[in-house]
Amino acid sequence: MQEVLARSKGRMLSATDDSAMMKQVQASHAPDGREVDVRPILSIIEDIFRRATPSTIDGVVSGTSEHVDALDKNASPAALSGMLDVLSCDIRKISCEISCKCSGGEEAHATTMDLFNILSVYSWDAKMVLSLAAFALNYGQFWLGAQLCNKNSLAKSMAVLKQLPNVLEHFNALKPQLDALIEVMLDLTKCIVEFKQLPSQYISTDAQAMSTAMADTPAAAYWTFRSIVACHSQILSLAGLRDAYTASNTDAWELATLAHRVSRILEHFKKLIAICYQQIDENRQIEAYHNLVRLLETIHMDNMKVLRALIYAKDDIQPVVDGFSRTRVNIDVLRRKHVLLLISSLDLSAEEILVLDQLYTGHKAQGEFDYAIVWLPILDRSTAWDEGYRQKFEQLQAMMPWYTVQHPTIIEPAVVKYVKEVWKFSKKTILVPVDPQGRILNQNAFHMLWIWGNLAFPFSAEKEAALWKAESWRLELLIDDIDSTVLEWMKDERFICLYGGEDIEWIRRFTTSAKAVARAAQINLGMAYVGKNNAKERFRKISRIVIQENLSHTLTDPAEVWFFWARLESMLYSKLQHGATVENDHIMQEVMTILSFDGSEQGWAIFWRGTTHEMARAKGEMAVDCMMEFEKWKDDADQMGFVAGLNNYLQRVHTPRHCNRLILPDIHGPIPERLACAECGRTMEMFFMYRCCPE
């Protein structure tokens, strides 16, 4: 920003005369403290210039023909009249001063300084507006007569005496230069007035852009006055009030040079005010953020203040879309309800929506757990909203049976900042529960919902701790109700093997040898392929082979596979949040083992006995070898039971040599500083991995 200011300041200074002239201007400034709201007058000035700008056809002048409407919306007629009663004397005085000095041919700088002396008691913005008002008065009177001459007999007779056709001929020669200079004068004046109106609570006069603007305003006022004098001189010449006038290249050059000079000053001030608005917006967002923090820390009677602050605080629109009726509704429909805020980017996966839809629809059908979901899509504000984003948003919105915001851009930047900084949202979707009193129960309840479904209601951190306290490592926890076939096997107390990986040759060898062992051991073994995490297309290909070759049962829907692995990751993240480690938590150890199995390039398998807690697991060649070497542990299987015998054999042949990898994709919350290997207990090394796996 400093570099921008320096470049802009350099161009500004090059557009001004020496410091001696500016010292004269500064010396004339003796404000008496009066405050003048010049915006209504500025509106009148702008209206005069707009309506007075003529078009000429064959010597006939016509102005604008629209109906004369209200001149200013910010001031009542009585207030405007009272203001003009106070200021009209000075406006007329300046008007006369310019007319007299310009008619007499006084040097432009001297006339300019006379205006500063007349307006010495006013602020800089008021000086500029009042001087422009005086010029607009003379300019408007001149063109009013010109426009009426073809409609009014009196005006027509006066036009003859003033030789109006000659005036118009001269005007056409200078019209482009006059129009350009008047436009930049008006824009510069509006810009200076805009600086005066900036909210002081959000930007200080000590701010660099603000202090630069204040320091450079006298120069802006000087060249505005100087331009007014030049324009007025040309208007008087057109009206024949200066002797021996002819439109010359010198006149056009003078107006063009002034327009260029003023436009450079205007460019400088536009850059400054853009920087000021940026700082104002930043300070407003900081204030809004701190207000939001305080609001969410306060106890409320209901959830309305919190939800309005997080979704949309104004009353000018219905900000929420009902996913069932597809109609817009007010936030009041969520009053005193348990609300889950679904916070995501536009990269929300179809699997997440599908599984959440099943849970949400299920809770509606049961009527036991009453909660609503509201989708809050969080966008990168630095990326422009375009047609692609619009289509993606509407596609996702159409898939959701719950409430959604009607447009992502209604979510305030302060909310986005809070969600990212306090709730640690990055890319991975989170689910934040808000109770009927507006309390935030948990910074992310997705883990609870994925693991226990609606039994986790109301999704508070206390409920999560209680559920883990009552939980144990069992097949029901691992598979949930993802696959009905496995659930039937559990009811029948069959031996069950879940296996995964993406090496089809390993899968063929393992399933063939495992079936042979089941026949030899005379056990009823059910085998189910659960795929690999984040490998949707590869799963489809492998599951087709598994089915075609009758290798085993397999999960068939990629959404089921996604949910299987999402639940395991949720278990890991939930345990990490509660401070669990592989040394002190058996569930944590088993979850990390399966995830590290999946992180390897090898296949893996876990054996269970029905609904019991008996379990054995192995990966890679070890899993195949123990099947091939069944004769070595057959007696143990007969005496101890199949799973216990297998586990005993795996412990006997286990070697210290291993290489386990655990991939934590876009972990929610702080990255653990230390993770122990689930197999040996050593601290695992941490690496950063960048992966691209197009399927």
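**Nonpolar cores and aromatic contacts**

The charged end of Arg261 lies over the ring of Trp223, at 4.0 Å from the ring centre. This briefing concerns a predicted model. The largest nonpolar core comprises 104 residues, and by the pairing rule there are 37 aromatic pairs.

**Nonpolar cores**
- Within the largest core, the residues with the most contacts are Leu342, Trp450, Trp473, Tyr499, Phe510 and Phe642.
- Helix H21, spanning residues 558-577, supplies the largest share of this core, with 10 residues.
- Not counting residues up to four places away in sequence, Phe510 touches Cys497, Tyr499, Met527, Ala605, Phe607, Ala623, Val624 and Met627.
- A second, separate core has 78 residues, including Ile41, Phe135, Ala213 and Val229.

**Aromatic pairs and cluster**
- The ring centres of Trp385 and Phe393 are 6.3 Å apart with their planes at 70°, so this pair is edge-to-face.
- Trp385 is partly exposed, at 29% relative accessible area, whereas Phe393 is buried, at 3%.
- Phe630 and Trp633 also form an edge-to-face pair, with 4.8 Å between centres and 90° between planes; both residues are buried.
- One aromatic cluster contains Phe630 and Trp633, and its members also include Tyr499, Phe510, Phe607 and Phe642.

**Charge over a ring**
- The charged end of Arg34 is placed over the ring of Tyr122, 4.9 Å from its centre.

**A loop residue**
- Glu106 is located in the loop between helix H4 (77-103) and helix H5 (108-118).
- Glu106 has a relative accessible area of 32% and is therefore partly exposed.
- Leaving aside neighbours within four places in sequence, Glu106 contacts Lys101, Thr111 and Asp114.

Terms used: Residues numbered from 1 in each chain as written. Predicted model: local features only at pLDDT ≥ 70, side-chain atom pairs only at ≥ 80, totals over all residues. Heavy atoms only, no water. Core = buried A, V, L, I, M, F, W, Y, C linked by side-chain atoms within 4.5 Å. Buried < 20%, exposed > 50% of the residue type's maximum accessible area, 1.4 Å probe, protein only. Helix = DSSP H or I, 4+ residues; strand = E, 2+ residues; numbered from the N terminus. Contact = heavy atoms within 4.5 Å. Phe/Tyr/Trp six-rings, centres within 6.5 Å; stacked < 30°, edge-to-face > 60°. Lys NZ or Arg CZ within 6 Å of the ring centre and 35° of its normal.
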